[in-house]
Amino acid sequence: MIKAERLSRLSLKLFAIKRLGVGSIAKVGTYRLGLKTGLHRVLRVRSTVAQGPYFEAPPTARHNVVPSSRWNTEAELFSFHRFPLDGLPDWHANPFNPGKRAPCDLPWYKIPDFDPDIGDIKTIWELSRFDWLLPMAQRAAVGDDAELTRLNLWLGDWSKQNPPYLGANWKCGQEASIRVIHLAMAALILQNHEKPSSGLLSLVRTHLLRIAPTIGYAIGQNNNHGTSEAAALFIGGSWLAQQGDRDGKSWAYSGRKWLEDRARSLIAADGTFSQYSVVYHRLMIDTFSACEVWRTKLGVPPFSDELRSRLAKAVNWQQQMLDPDTGHVPNIGANDGARLIPLDDQHYRDFRTSTQLAAALFCGGRAIMEAGAWDMALRWFKMDAPTAALPPPASASFPDGGFHILRAGSLRCYFRAPGYRFRPSQCDALHIDLWTGSGLNLIRDGGTFSYNSTEEDYRYFSGSQSHNVAEFDGRDQMPRISRFLFGSWLQNTHSTSVEATDMGVKAEAGYRDYRGARHVRKILLAPQSLRCVDILDGQASNAVIRWRLALSDWRLEGNVLTDGKYRLAITSRGSSFDLNLITGAESLHYLEKNPIAVLEISCAIPATITTEISF
């Protein structure tokens, strides 16, 4: 038995190696081996503490723009959690767990990723992403001299308390890259980009010295680490090159090369990004938007037509996800609270500013025709606002990424088909998100909560229980090899594109899991209803289908769940079933968890379960 289990685990690892790609694994493995042996060239990088002042007052105060009110009297971590600001921040403290603090005098590579004495390391990194820099720069740009003083004070203290390359805030190349991008965007806002101070250039150079040697590791992960770090090299390198820095040209060349490569490799022909996450898709979009704004302002050569074409497709994908009234999107895929270049006071889950900026830059049109706060990024960057509208969203399939979007009247259904080309982070195959015309996310995803939570929470939020899917015999859809890696990636065995019929809009998808259980889901969306037929058979004894619902006064009446306005009726063919209304959990923001109503449908296999949702 033990030998069989070892062979099974070995086969899962070999499968993962094949799917991840030998080249990517070699890049990551070389990096880790280099750190372990002490031979990696990043360990030989040296720099000095950059001395301020870093930013100067703009030559002329800005008008007709509205600065953000964020980071005035409160810190805003993960775009949600607020903490009172009283003097300078402690750059090494975990504010969510008072008393927990990362070491500030150790070389970054000696600090572990997961340390119970620190807690979630992302809580340390969050202040050092420099999200606060942009609203301070905005307020300084409209004439608030006190904010300029404060901005320089914070940057000076950060540089002093985080000397190169000591402490947790130098540990991640992506975190360093986000700082570079925000420094550059602040320079644009304050009109300091053409004649930057020596202190600012020194701070940027110090960061690029850390980022450049490990770009291979970032690329090997096939995710937003590669796009972020390539962007920092391109932005920072081109900036330094124009100021006469001898290394700037090579850094800019490397950054441009990898930006082109990442757009070609990680953005599918249908616009889906490699991480299958709406939040990470926005982070990627905003990264390329920052690069295009910067490229335009510095007057450096344009990116290739292929890059622009891929980005246009990615913008269309993101526009399709938007709720037109709120700008909110389905909580599908990993969500760590990431948000780049926040320039307005709109909610973190409002994607309209990101989409509007990227639509102007890569599509030459407006994603949202009405004027609003979502236009503010264009105004702050002094970019021309297009007048033509992009085509309105419609029912569509994204076969490369495994997404179907069905629209009928005011209803929208987001349907997650399996078929992973890149590493999946959640067991969400055949998940459904249902949105009403009032912006209500009636049937919803569970989110992420934390990458460094309890074993119970981590398995819950990344596993099958946190999605509107079937769970066979109490197991996840894919076997877990490690915290961030599943084996036996699911493939679509029953794929159809979205199709309009006299009854409504329909789509189908299905899979067979690693133990032989099969699930086929058929969706029909009409203007006042959704019909979902789940065919369950194969190698399993029982299954549980979950419907995760918006909070309301839900009550079970026989085989019907209702709150008086919405109604879910359950029927079965081939097997009896049990219904249970339980309390689950949902995370809309990183490190936030709230109760949610969950309807569980339990049945023996084989069975065909039909759920009719009506209004």
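**Reading a predicted 615-residue model**

Q: What share of the contacts with a separation of 6 or more is due to residues 24 or more positions apart?
A: Such residues account for 69% of those contacts in the protein, a contact being defined by heavy atoms within 4.5 Å.

Q: What kind of model is this, and what conventions apply?
A: The model is predicted: local features need pLDDT of at least 70, side-chain atom pairs count only at pLDDT 80 or more, and totals for chains, interfaces and linings use all residues. Residues are numbered from 1 along each chain as its sequence is written, and side-chain values use heavy atoms, with hydrogens and water left out.

Q: Why does the radius of gyration agree with that of a compact globule?
A: The globule rule is 2.2 Å times the number of residues to the power 0.38, with the radius taken over C-alpha atoms. For 615 residues this gives a value near 25 Å, and the protein has 25 Å, so the two agree. The C-alpha trace spans about 75 × 60 × 45 Å along its principal axes.

Q: Why is His-431 called buried?
A: A residue is buried when its relative accessible area is under 20%, exposed when it is over 50%, and partly exposed in between (1.4 Å probe, protein chains only). His-431 has 0% relative accessibility and therefore counts as buried. By this criterion, buried residues make up 61% of the 615 residues.

Q: Where does His-431 lie, and which residues does His-431 touch?
A: His-431 lies in the loop between strand 5 (411-416) and strand 6 (432-435).
A: The relative accessible area of Gly-446 is 0%, so Gly-446 is buried. This glycine is found in the loop between strand 7 (441-443) and helix 15 (455-462). Not counting residues up to four places away in sequence, Gly-446 touches Asn-331, Phe-461, Ser-466, Arg-548, Ala-585, Glu-586 and Ser-587.

Q: What makes a set of residues a nonpolar core, and which members of the largest one touch the most others?
A: A nonpolar core is a set of buried Ala, Val, Leu, Ile, Met, Phe, Trp, Tyr and Cys residues joined through side-chain atoms within 4.5 Å. The largest has 178 residues, of which Phe-55, Leu-155 and Met-185 touch the most other members. Helix 11 (residues 278-298) provides the largest share of this core, 12 residues. Another core, of eight residues, lies apart from it, with Ile-118 and Cys-172 among them.

Note on methods. Helices (H or I, at least four residues) and strands (E, at least two) are DSSP runs, numbered from the N terminus.
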